[in-house]
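Please walk me through this protein model step by step.

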Amino acid sequence: MSTISTDLPDIRALSLEELTSALVLLGEKPFRARQVYEWLWKKGARSFEQMTNLSVSLRQQLAAQFSLLVITEDKVQRSSDGTIKSRFRLHDGHLIESVLIPVVADDRFTACVSSQVGCSLTCTFCATGRMKRLRNLTAAEIYDQVFLVNEQCLEAFGKPLTNIVYMGMGEPLLAFREVVDSIDRITSHTGLDMAPRRLTVSTAGIAKMIRKLADEDTKVNLAVSLHAADDAKRNEIMPINESNNLEALVDSLDYFYAKTKKRIGYEYIAFQDFNDSLEDAEKLYQICRRVPSMVNIIEYNPIDNAPFRKATEHRIDDFATYLRDRGIMVTVRRSRGKDIDAACGQLANKD
Ligand code: SF4
């Protein structure tokens, strides 16, 4: 695997203040730091050479003192439904995936980004869960995915991204600092300047970290991959539930709502004869009724050797109606990008 040297400090790990001090030490005026910072974030420079309003000697000095650890496109796959899956290579050779999901009719263009290489959780229905977690992505690597997918979006659809979901490879709340820092960059006017309400962090349900996210006051949305509304079933498909049972989880969600006043999103993959009965719907309703919530019922995409089948449309419709009749907002999401393994739970760096 090809890698680039990381002996030098990563320039994108520096705050603007730290960068200013570094440039002043090089004999530069403070405003130069703002120019460099703009290249690093807003303009998404891929190398120091690209920073053309800096002198050649300053560019050389920067290259001698810092590394710029950008991600690079490794492979792009286009689905017949417009979805684009990209595989990116990190500076140390690891591969991660991001997905662009266009809904052209609604002018809605969503990037689904990864937060870790692999995942330490082992949800049984998920292809990423079969890969070991190798490391967290840095905030800059998460930012790069958004930046590059936004460029793809502009090129393919003539429109910028409208939404970002942290729902790719990895558990975002276990890459907490990196994820929060990336949110900061994406929403900052010195970065991509996106409104925080356009961002959604999706978690398998780590109660302690949900509280921590609430305390950070990021103003982003929270989605919980619930998939089962009782502990016995959830333990079966999401081992994280054994240490974070539903009682602890919903307590943390109550806290999140109390702090942020943001509606909680529940992701619910419908598995045939496992979690698709009206009894299951009633249990889900009992969770949803605590604080304003919405439910996304997701069609299951079978992965190799998984013990589940997808629920029938008829069962999904009955399930959704049960919740809607009780005042819960429900969407049913037919899966996108299935032909290129870009759908939920399918990201696993397959060729
Ligand atoms: S569903 Fe999410 S948390 Fe679970 S194994 Fe897959 S990537 Fe990890």
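Helix 5 gives the largest share of the lining of the second largest pocket, with 4 residues. This is a predicted model, so keep that in mind as you look. The pocket itself has a volume of about 200 Å³. Two elements give two or more residues to its lining: helix 4, residues 139-157, and helix 5, residues 176-187.

Now find the lining on the structure. Start with Asp10, Arg12, Ala13 and Trp41, which are among the lining residues. What classes do the residues in the lining of the second largest pocket belong to? There are 6 charged, 4 nonpolar and 1 polar. Domain 1 (11-65) and domain 2 (72-340) each supply at least three residues.

Next, turn to the ligand. The residues around it are Cys119, Leu121, Cys123, Cys126, Thr128, Gly129, Gly170 and Ala204. By class, this shell has 5 nonpolar and 3 polar residues, and no charged ones.

Some of these names return in a database record. An unreviewed UniProt entry lists Cys119, Cys123 and Cys126 under "binding site". Take Cys123 as an example. Its place is in the loop between strand 5 (116-117) and strand 6 (135-136). Is Cys123 buried or exposed? Its relative accessibility is 14%, so Cys123 counts as buried. The cut-off for buried is under 20%.

The unreviewed entry in UniProt also places the feature "binding site" at Gly170, Glu171, Ser202, Ser225, Leu226, His227 and Asn301. Pick out Leu226 from the UniProt list. Leu226 sits in the loop between strand 9 (221-225) and helix 7 (231-237). Leu226 counts as buried because its relative accessibility is 1%.

For contrast, go to strand 1, residues 72-78, where you will find Arg78. Arg78 has 57% relative accessibility, so Arg78 counts as exposed. Here the cut-off is over 50%. Count 22 residues along the chain and you reach Leu100. How far apart are the C-alpha atoms of Arg78 and Leu100? They are separated by 9.6 Å.

Methods:
Residues are numbered from 1 along each chain as its sequence is written. This is a predicted model: local features need pLDDT of at least 70, side-chain atom pairs count only at pLDDT 80 or more; totals for chains, interfaces and linings use all residues. Side-chain values use heavy atoms; hydrogens and water are left out. On a 1 Å grid over the protein atoms alone, a cavity is a set of points where a 1.4 Å probe fits but cannot get out, and a pocket is an open set with protein on both sides within 12 Å along at least five of seven lines; lining residues have an atom within 4 Å of a point. Grid points are joined across faces, edges and corners, and a volume is the space filled by probe spheres set on the points. Ala, Val, Leu, Ile, Met, Phe, Trp, Tyr, Cys and Pro count as nonpolar, Asp, Glu, Lys and Arg as charged, and the others, Gly among them, as polar. Domain bounds come from an automatic or database domain assignment. A residue is near a molecule or strand if one of its heavy atoms lies within 4 Å of it. UniProt positions are given in the numbering used here, feature names are shortened, and annotations may be inferred rather than shown by experiment. Buried means under 20% relative accessible area, exposed over 50%, partly exposed in between (1.4 Å probe, protein chains only).
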